[in-house]
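The following exercises ask the student to read a protein model step by step. Each task is followed by a worked solution.

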Amino acid sequence: MAVMNCVTPIEKNEFAQQEILAARNAFLQYNEQKQAELLVVMPINEAVAVLSECSINHVQALLDQLDTMGEEVRKRHFAHGLGLICSEVETTEDYLTTSVLAHVKQRIGWIIGLALLGIVSGLIIASYEDTLAQLVLLAIYMPVIAAAGGNTGSQAATLVIRALAMGELKKRQWLDVMWKEFRVSLFIAASISCVVMIRIFYFSGDTSTGGFALNSIALAIGVALSIQVILSTTLGGLLPIIARALKLDPAVLVSPVLASVVDISGMLIYFSTVNYYLGLS
C-alpha cells in the first residue's frame, strides 16, 4: 500500500472537529482487531472521518486487517476516501499524466522477453514439418487454434482483472476462480469445436486430406481445439491473480504472457493431438 503524493482532502463538514477527535480517542481505546471490527459496522463517511485523524501507519495496519477479514470492498472505500492507494499495482499518477518513458520502462521488458520466447512457437512448427507435408489441411486450422486460445483466455483474464479491481475477488480465491473458469471453458470448448468440425465436414472442398478420412481429421482438430480452449480459459482466469500475488500489474503482464503461452501450448497441443489420432509420424 502506498500513499499518493497529493492526498485528497477529507470532507469533514458533516462532523464537528471536536466530535471527530472524541470519536477517534474512543476508537483508539480498543485493540487493533476490535477497531477493524468496528470499521466493518461503522458508516463509511464516519469511519473515514475518524481514520483521517489517525496516523498513516495505523491506518495502513487497519486496512490490511480488513483485507485479512475479507472486507476488501470496504477497505477500498476507506482507502479512496483517505486518498490512499490500496493496491500494490496502482501507480501514483493516472494514465495520461504518467510520462511516455515511464510507460515504456513498465512495458518493454516483458514485450522483448516474450517476443524472444515466441521463437519457440516457430521451432515447434518447424519440428512438425513432416506432419504438415503429409496433411496440408492442418495448416489451414493452425490460426484457429491460436486465435481461439487467445480470445477465450483474454476474455477470462479481463473479467478477473475487473473483479480484482472492483474488490469482488481476493487473491486467496484462486481455486474458486480456476474451478469456475474450467466449467465455463467446457461449454465454450464444446461449442467452438462443434462449429469448426462442421466447417471441416462441409466446407473443406477439394483440400487434400492426405488419404485420411475427413471425419478423423475433424475429430482430431476438434479435440485439440477443445484442449487448447480449456487450458487457455483456465490460465487466463488465474494469471491476473498470480500477477497480483507477485505484486505485478495484471494490466501490463497478463495479455502478453497469455499470448505467448497460448501460442506455444497451442502448437504443441495441436500437433501432438493430431499425430496421436491420425498416427502421423
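A residue counts as buried when its relative accessible area is under 20%, as exposed when it is over 50%, and as partly exposed in between. The model examined here is predicted.

**Exercise 1. Describe the overall architecture of the protein.**

Solution. 
Step 1. Twelve helices and two strands are present.
Step 2. Read from the N terminus, the order of elements is β-α-α-α-α-α-β-α-α-α-α-α-α-α.
Step 3. The protein has 281 residues, of which 39% count as buried.
Step 4. Among contacts with a separation of 6 or more, 80% join residues 24 or more positions apart.
Step 5. The accessible surface is about 15,200 Å², and carbon and sulfur atoms account for 62% of this surface.

**Exercise 2. Determine whether leucine 278 is buried or exposed, and name its contacts.**

Solution. 
Step 1. Leucine 278 is located in helix 12.
Step 2. Its relative accessibility is 12%; because this value is under 20%, leucine 278 counts as buried.
Step 3. Apart from residues up to four places away in sequence, leucine 278 touches Leu135, Phe212, Ser216, Ile217 and Ala220.
Step 4. One of these contacts, phenylalanine 212, is 66 residues from leucine 278 along the chain, yet the two C-alpha atoms are separated by 7.7 Å.

**Exercise 3. Show how glutamate 181 and threonine 233 are placed relative to each other.**

Solution. 
Step 1. Glutamate 181 lies in helix 10, whereas threonine 233 lies in helix 11.
Step 2. Glutamate 181 has a relative accessible area of 11% and is therefore buried. Threonine 233 has a relative accessible area of 2% and is therefore buried.
Step 3. Along the chain they are 52 residues apart, while their C-alpha atoms are separated by 6.3 Å.
Step 4. Setting aside neighbours within four places in sequence, glutamate 181 is in contact with Ala156, Thr233, Thr234 and Gly237.

**Exercise 4. Classify aromatic pairs by their geometry.**

Solution. 
Step 1. A pair of aromatic rings is described by the distance of the centres and the angle of the planes.
Step 2. The structure contains four aromatic pairs.
Step 3. For tryptophan 179 and phenylalanine 182, the ring centres are 6.1 Å apart and the planes lie at 20 degrees; because planes under 30 degrees apart count as stacked, this pair is stacked.
Step 4. Both residues of this pair belong to helix 10, three residues apart, about one turn of the helix. Phenylalanine 182 is partly exposed, with 32% relative accessibility.
Step 5. The pair of tyrosine 276 and tyrosine 277 has 5.6 Å centre to centre and 85 degrees between the planes, and is edge-to-face.
Step 6. Tyrosine 276 is exposed at 68% relative accessibility, and tyrosine 277 is partly exposed at 40%.
Step 7. Tyr128, Tyr270 and Phe271 are linked by ring pairs into a cluster.

**Exercise 5. Identify the nonpolar cores.**

Solution. 
Step 1. The largest nonpolar core contains 29 residues, and Leu138, Ile221 and Tyr270 have the most contacts inside it.
Step 2. Helix 9, helix 10, helix 11 and helix 12 (250-278) each give two or more residues to this core.
Step 3. Beyond neighbours within four places in sequence, tyrosine 270 is in contact with Leu138, Tyr141, Met142, Ile145, Ile221 and Ala224.
Step 4. A second, separate core has 16 residues, including Val48, Val59, Leu63 and Leu66.

Notes:
Residues numbered from 1 in each chain as written. Predicted model: local features only at pLDDT ≥ 70, side-chain atom pairs only at ≥ 80, totals over all residues. Heavy atoms only, no water. Helix = DSSP H or I, 4+ residues; strand = E, 2+ residues; numbered from the N terminus. Buried < 20%, exposed > 50% of the residue type's maximum accessible area, 1.4 Å probe, protein only. Contact = heavy atoms within 4.5 Å. Areas by Shrake-Rupley, 256 points an atom, 1.4 Å probe, with all protein chains shown as cover. Phe/Tyr/Trp six-rings, centres within 6.5 Å; stacked < 30°, edge-to-face > 60°. Core = buried A, V, L, I, M, F, W, Y, C linked by side-chain atoms within 4.5 Å.
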